[in-house]
Amino acid sequence: EEYAKGMLVPGTLFEELGWNYIGPIDGHDLPTLVATLRNMRDLKGPQFLHVVTKKGKGFAPAEVDPIGYHAITKLDPLDAPVAAPAKTSGPKYSGVFGQWLCDMAEADPRLVGITPAMKEGSDLVAFSERFPERYFDVAIAEQHAVTLAAGMACEGTKPVVAIYSTFLQRGYDQLIHDVAVQNLDVLFAIDRAGLVGEDGPTHAGSYDLSYLRCIPGMLVMTPSDENELRLMLSTGHHYPGPAAVRYPRGNGPGAAIHQGLDSIEIGKGVVRRKGRGVAILVFGVQLAEALKVAQKLDATVADMRFVKPLDEQLVRELAESHDLLVTLEENAIMGGAGSAVSEFLAREGVLKPVLHLGLPDTYVEHAKPAQMLAECGLDAAGIEAAITLRQRLLQR
């Protein structure tokens, strides 16, 4: 009877493990599903119910395009007027990564791409089509993605793990033990860093700078625009050890992108504007907002680029020539890039007022990205208000 059952339904594996396998049943047939669950309540021992569903079932557009409708905002009524498409200033950061991945794969046959079931979201579609033998989708198994990359790096390949910031948290143990302890050559392209709009706090990449910079040997980079992202991806690819580039969801500011595969000097930031009094040290895409504020306050703005290794020489120079240092990041303030600056100043015995601006010690609820940034004080108005208030307190 058991063998006959195994020929007809796929439950033999679970039966051998001691589970009572039931199914498969149609997960959209709610009366049958409820009745089955009710019957299973009184069964003894471990039970395994196999339910089959279809993504987007019941909503025709989602059934036709399950990928496109995986993450959507509020739906307008069918008779609502068609709104004009929102204006965007530059390409998506994920698109810049996808193009770089193909370009670097052409130049370096050792490169392989790994994703935990986010081919479309991380923009690996073109790579998977052009380099199918070097593309690995491990499904929703982030821990396996990281360990697979470690194993491949041991065999001389150059793995690039395309992963969302919030999902890399699941593979943190593997990141440390399988990659970092062995100082393996793995590049993490960390998408959806920072706030992610309507996807909400479960998908926000609020902690990666904090949990990455404490790992020995990690190279941690924060691009401020599309071109910086491309440069840092190449830098991380050539770095002999674990490297991470974190970039946000959505579009860039429209920076001109150089199509080469050049790297930048590791651990060196760039002063984007020279001012006086206040120095704003930016880690990431808030650079554009910082420059707006600096124009009003005549402040200095430094694009720090690297969280680890920190450009200590630049921090020291700015501390010596300014009255107030302001660190700016779209990451939790606790343990983030700003903390690295304060730790360095404390270690060097440099006494200088420091204002840390970043994500608060709370879960930021769903909203439009611009609204979320404003609520956290990370838009131009919030940055200016925080700096002005601190200056007044220092003058007392």
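## Strand pairing at β7 and β12

Strand β7 (residues 219–221) is joined to β12 by two bridges, and the two strands run antiparallel. In this pairing, V220 stands opposite K308 in β12. Helices (H or I, at least four residues) and strands (E, at least two) are DSSP runs, numbered from the N terminus; two strands pair if DSSP finds at least two bridges between them.

The model is predicted: local features need pLDDT of at least 70, side-chain atom pairs count only at pLDDT 80 or more, and totals for chains, interfaces and linings use all residues. Residues are numbered from 1 along each chain as its sequence is written, and side-chain values use heavy atoms, with hydrogens and water left out.

## The chain as a whole

The secondary structure of the chain comprises 16 helices and 14 strands. Along the principal axes, its C-alpha atoms fill a box of roughly 85 × 55 × 40 Å. Of the 396 residues in the chain, 45% are buried, where buried means under 20% relative accessible area, exposed over 50%, and partly exposed in between (1.4 Å probe, protein chains only).

Contact means heavy atoms within 4.5 Å. Among contacts between residues at least 6 apart in sequence, 74% join residues at least 24 apart.

## The seven-stranded sheet

Strands β7 and β12 belong to an open sheet of seven strands in the order β4-β3-β5-β6-β8-β7-β12, with mixed pairing. β4 and β12 (306–308) stand at the edges with a single partner strand each, so one side of each has no neighbour in the sheet. On average, neighbouring strands of this sheet are turned by 20° against each other, direction ignored; the axes are lines fitted to C-alpha atoms, for helices over the stretch in contact, and angles run from 0 to 180 degrees between N-to-C directions.

Strand β8 (residues 243–246) is covered on both faces: A243 and V245 on one side, and A244 and R246 on the other, are all buried. β8 pairs with β6 in the parallel sense over four bridges, with I190 opposite R246. β7 and β8 also pair in the parallel sense, over three bridges, and here L219 stands opposite A243.

## The five-stranded sheet

A further open sheet has five strands in the order β9-β11-β10-β13-β14, with mixed pairing. Its edges are formed by β9 (270–273) and β14 (354–359), each with a single partner strand, so one side of each is left without a neighbour in the sheet. Neighbouring strands of this sheet are turned by 25° against each other on average, direction ignored.

Strand β13 (residues 324–332) pairs with β14 in the parallel sense over five bridges. L325 stands opposite V354 in β14.

## Helix α7

Helix α7 (residues 142–154) has 13 residues and, at 1.5 Å a residue, should span 18 Å; its end C-alpha atoms are 19 Å apart, which agrees. The expected span is 1.5 Å times one less than the number of residues. Buried in α7 are E142, A145, V146, A149, A150, M152 and A153. They cover an arc of only 165° around the axis, which puts them on the same side of α7; the arc is that of the directions from the helix axis to the C-beta atoms.

These buried residues pack against β3 (111–115), β4 (135–137), β5 (158–164), α8 (165–168), α9 (172–180) and β6 (187–191). After α7 comes G156, whose phi is positive, near 95°.

## Nonpolar cores

A nonpolar core is a set of buried Ala, Val, Leu, Ile, Met, Phe, Trp, Tyr and Cys residues joined through side-chain atoms within 4.5 Å. In the largest core, of 47 residues, F188, L212 and L281 touch the most other members. Helix α7 provides the largest share of this core, six residues. A second, separate core of 29 residues includes L101, C102, V160 and M221.

Residues touched by L281 include A302, M304, V315, L318, L325 and V341, not counting residues up to four places away in sequence.

## Surroundings of S94 and R192

S94 is found in helix α5 (residues 93–107) and is buried, with a relative accessible area of 10%. Leaving aside residues up to four places away in sequence, S94 touches G121, S122, D123, D191, R192 and Y247.

R192 lies in the loop between β6 and α10 (208–213) and, at 15% relative accessibility, counts as buried. R192 and G121 are 71 residues apart in sequence, while their C-alpha atoms are 9.6 Å apart in space.
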